Amino acid sequence: MNNEEKYILTPTSKRVFGTAVHSKTGDVTDAEHILREDAQAARLVYTSGGEKPSILIDLGPSAPGGYPIFKVAGQTGRPTLRIAYADWYEWIVDPVHGENGDFSRGSCTYLGVELPVPPANPYRYELYTIEEAGLYIAPMIQGQQRWVLIQLDTEGSVDLEYFSLEVTSDLSPYKGSFHSSDEELNRLWYASTYTAQVSSFPNTDAWTVVEGWLIPRKLAKGNDVGLTVQGEQWKDYRFGFQFVIRRNPGPVSAVGWIVRASDENNGYVGQIDLDGRLHLFKRSDGVYVRLKPAVSLSIPIVDGRVYHLEVRLDGARMETLLNGTLIDTTVDDTYAEGKVGFCQPMDKWALIREVGVEDAAGQLLFADDFNGDLSGWSFARTPTFIADGAKRDRLPWLGDLDWAGRNVYYAFDNYTYMKETIRMFAWHQTPEGYIWAACYPENQVKPGIGEYGYYQSDEFSAWFAPVLADYVLFTGDLELARELYSVMVKSLDYLWNYVEGDGLFYQRYETSKGIWGHLLEYTGKGAYVNFLVYDSFKEGAYLAGLLGLDADASAFEEKAAVLRRGIQGNLWDEEQGHYVKLKGSREFEFYANALALAIGFPDDKQAASVREKLKETDMGKYQSLAIRGKFHYGYDEDALGTLRKPGGGVDWLGALADWRGPHATWECMTYPPSVMPPGKNWGDSSHPDTAVAHLLSGYILGVQPTEHGFRSFAAIPHPCDVQRAQGTIPTPYGEIRFRWEMAETEFLASLEAPQGTSAVVGIPKPEGQEFVIYWNGEAVFHSDSSAAGSTNDLTLDEDERYVYLRGLKEGSHRIERRGR
């Protein structure tokens, strides 16, 4: 095993199994067989008056998310099997709510919509009727969990061959790495980058295929109907398929289909539910109109049982057959031709396979066994994106993307998740320029004037330019900058409309959600949002300059200068030595002062004063801003010390040492997690906005881009008490490989710069010692004199902390600092 492999948390395949049986209760034998596919089975037996048998599975520190899949080898009776999920141990063993998972449906309401969004399961438990051997597949995703409770709820027995998850998050291989003399920092780097992965989704389409079964669902902002691509002129035909209905713990579940559909909103819809009823509708412009009262079926409808359904269309006559038995005949002439498909409204869960369509003469028109792709179907789809978290929201948030992206760029060369998410937000721009804070990936309706979305926040909207600029800086993707430049300009124009005569942005009521609170209530001229608006114009100037739009760049710089004067004149408290929370206040706010440091806003004297006040906060993402700012201004020991022991309830390293939860960076990074009432533990244990790999690669290792795409870059270590560090950074030009090591008075660094790049390397100066710096064996700097002169276009200079070797070209470089 190399240095990196032991830290990597990413699953090695899409199918994952438990790592251990943590505990069991009741009559359970051979529990360990549930952890693997070995043709042997764990047995759970529940007898009258006995204890409910259960197995608690530990999925390990990666705590993945995906579709639950388990295999039954046999059973007695028709018992109900319960499976519950939690990311933290105390929540799954909670005596009040544990068997229902870590949170209850509807317990998280701060966004004003139900979370998590489909295709994630709004429940953290599932119920299955077990009446035969075979494979059981959940139709909805469980977003993230370390703990899985499997329990028999009713009498009988079940032999379970295995439990597994089909992973739905990103599994891209690592292209970057980090390794240092500090084991805790190494684990933190990989936990941070993995957090970005587990929250990155190739898609969250309405339809998917698992183990040869189609799983159609309705997305929150998508149509509940999906159709064949072909079939507009199909008239008289037979449409058949197999189905399984999965139980919903709340509303009754059902399978639904549509025939003679001209589009998603018009056609005949049928539905069979677990109450044993057939429903027939005429769907007209998206409205369901009943063709007849519900028909009670004589055939029992049981969740988990496989049925075959056929619809026969002949003129105005429509016959419905279940398992070969005619269950209904209806006559209606509204629709004479059209496609077939499936209709699964919210909360109706079913699995489909073996679809076929034949004409009246028995000629095959269409067939799908779902062993290929879904190119023959049209349904609600989403782009690739990176979400706020894997368990709860599963939505992208603009205000969190910059933190997430900085971790992605150092570890992976797959930039698609960030790119498509940025595009998604660009599409959700209102005509006046406001960009939504959070959005549904499947949404196809452009926002109108004054439609500010689900989280009305100028603060989040203002993150667009910084997010886009950082993406371009790290990836070199000028094409996306050109594509979205007009969106950025419109966004900046919107923000400038609310900058007043004193040079400050005024936060109006309509869009006042943000770090101050999740309510529309805080207005005025806040420091945090003003620093953000200032940075937006600075980053806008940067992008305009890259694209050769010098006039725009100058105009954005001028507006940034107006904001700078307004902030310094109205929000800096000279007596107290910090930026105040709000104009007219003298209150210190951690978030605002941390952001100021992170973007390099204060002068050195102001930074020194602000730094002294940035001690503790209860939110890891803002503490990471403070740490970045401390590194930026040269307060390295304070920065690393804060990362190790941030206080305020934030604790990155403590969480990674605890067996009870995921080894990821959590929402707010509060550790131990906040104690909530049973069923209310909806906090995410995977939030890429608290990931800190960028601090380790960018400062401890020391590699940062200075031109877009790392065409030029700096390798300037901030060692503190770390004795050595090495890493790779993926770039469009190839991998940067950099390592350094300290030993008493000596410092050794090696750099491999890819073709087409140039670098500056900073060598830390030792305190109170004379030294010589060698480059590839040649002495180029003497501390008691000056640089030895230029060599092969290499130039040297120094400041109080470093000697800089500039102009290092592609290839290998060995740099040594030796004492004299």
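The structure is a predicted model, where local features need pLDDT of at least 70, side-chain atom pairs count only at pLDDT 80 or more, and totals for chains, interfaces and linings use all residues. Residues are numbered from 1 along each chain as its sequence is written, and side-chain values use heavy atoms, leaving out hydrogens and water.

- In soluble globular proteins, nonpolar side chains tend to be buried together.

**A strand hairpin**
- Strands (DSSP runs of E, at least two residues, numbered from the N terminus) β20 (residues 277–284) and β21 (residues 287–290) run antiparallel, joined by four bridges; pairing takes at least two.
- R283 stands opposite Y288 in β21.
- Two residues lie between the strands of this hairpin, and D285 in the turn has a positive phi of about 50°.

**Two helices**
- Helices (DSSP runs of H or I, at least four residues) α2 (residues 183–198) and α3 (residues 401–411) pack at about 110°, with axes 9 Å apart; axes are lines fitted to C-alpha atoms over the stretch in contact, with angles from 0 to 180 degrees between N-to-C directions.
- α2 and α3 are therefore roughly perpendicular (65 to 115 degrees).
- W189, S192, T193 and A196 in α2 meet N407, V408, Y410 and A411 in α3 (heavy atoms within 4.5 Å).

Note on methods. Parallel < 35°, antiparallel > 145°, perpendicular 65-115°, else oblique.
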